Amino acid sequence: MRINMYLGVLNMENKIVLKVGMKSVPNSVAGAISAYIKKGNVIEVVAMGPEAVNQANKAMIVAYGWLIQSGIHVSFTPSFADLEIDGRIKTAIRWTVKKEG
């Protein structure tokens, strides 16, 4: 099983999971983060590999700027996530994004 991580959106147990890949467009990911935060959702941004992590970081910086201009404060909490791909465990970076206050 091969996982393509461009910009996949999963809704799991009232939590939105955005899978970011190396070809994800940061402004598109930032738009998704901003839209889901404005709806009151908690989001997990997941990226695996240096290029994907870079794209995710850029997207979160852009989203933060857009949200702060709207008076919305958010927090980003990083952690590791173990994903099973082709029967092997791979480590990804996960950020939990939620509205503060």
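**View 1. Asp 86, an exposed residue in a loop.** With a relative accessibility of 54%, Asp 86 counts as exposed (over 50% relative accessible area, whereas buried means under 20% and partly exposed lies in between, with a 1.4 Å probe and protein chains only). Asp 86 sits in the loop that links strand 4 (74–85) to strand 5 (88–99). Here helices (H or I, at least four residues) and strands (E, at least two) are DSSP runs numbered from the N terminus. Although Asp 86 is not a glycine, its phi is positive, at about 55 degrees. A note for all the views: this is a predicted model, in which local features need pLDDT of at least 70 and side-chain atom pairs count only at pLDDT 80 or more, while totals for chains, interfaces and linings use all residues. Residues are numbered from 1 along each chain as its sequence is written, and side-chain values use heavy atoms, with hydrogens and water left out.

**View 2. The whole chain, for orientation.** Two helices and five strands make up the secondary structure of the chain. Read from the N terminus, the order is β-β-α-β-α-β-β. Of the 101 residues in the chain, 36% are buried. Take the contacts (heavy atoms within 4.5 Å) between residues at least 6 apart in sequence: 58% of them join residues at least 24 apart.

**View 3. Helix 1 against helix 2.** Two packed helices are described by the angle between their axes and by the distance between those axes. Helix 1 (residues 26–38) packs on helix 2 (residues 50–69) at about 50 degrees, and their axes are 8 Å apart. The axes are lines fitted to C-alpha atoms, for helices over the stretch in contact, and angles run from 0 to 180 degrees between N-to-C directions. The two helices are therefore oblique to each other (under 35 degrees is roughly parallel, over 145 roughly antiparallel, 65 to 115 roughly perpendicular, and the rest oblique). On the helix 1 side, the contact includes Val 29, Ala 30, Ile 33 and Ile 37, and these residues and their neighbours in the contact meet a set in helix 2 that includes Ala 59, Met 60, Ala 63 and Trp 66.

**View 4. Ser 34, buried in helix 1.** Ser 34 is part of helix 1. Its relative accessibility is 6%, so Ser 34 counts as buried. Leaving aside residues up to four places away in sequence, Ser 34 touches Ala 63, Trp 66 and Leu 67.

**View 5. The largest nonpolar core.** This core holds 22 residues, and those with the most contacts inside it are Ile 33, Ile 37, Ile 43, Val 45 and Val 97. A nonpolar core is a set of buried Ala, Val, Leu, Ile, Met, Phe, Trp, Tyr and Cys residues joined through side-chain atoms within 4.5 Å. Helix 2 gives the core its largest share, seven residues. Beyond residues up to four places away in sequence, Ile 33 touches Leu 18, Ile 43, Val 45, Met 60, Ala 63 and Val 97.

**View 6. Val 97 in strand 5.** Look for Val 97 in strand 5, where its 0% relative accessibility makes it count as buried. Val 97 and Ile 43 are 54 residues apart along the chain, yet their C-alpha atoms are separated by 5.0 Å. Not counting residues up to four places away in sequence, the residues that Val 97 touches include Ile 37, Asn 41, Met 60 and Phe 76.
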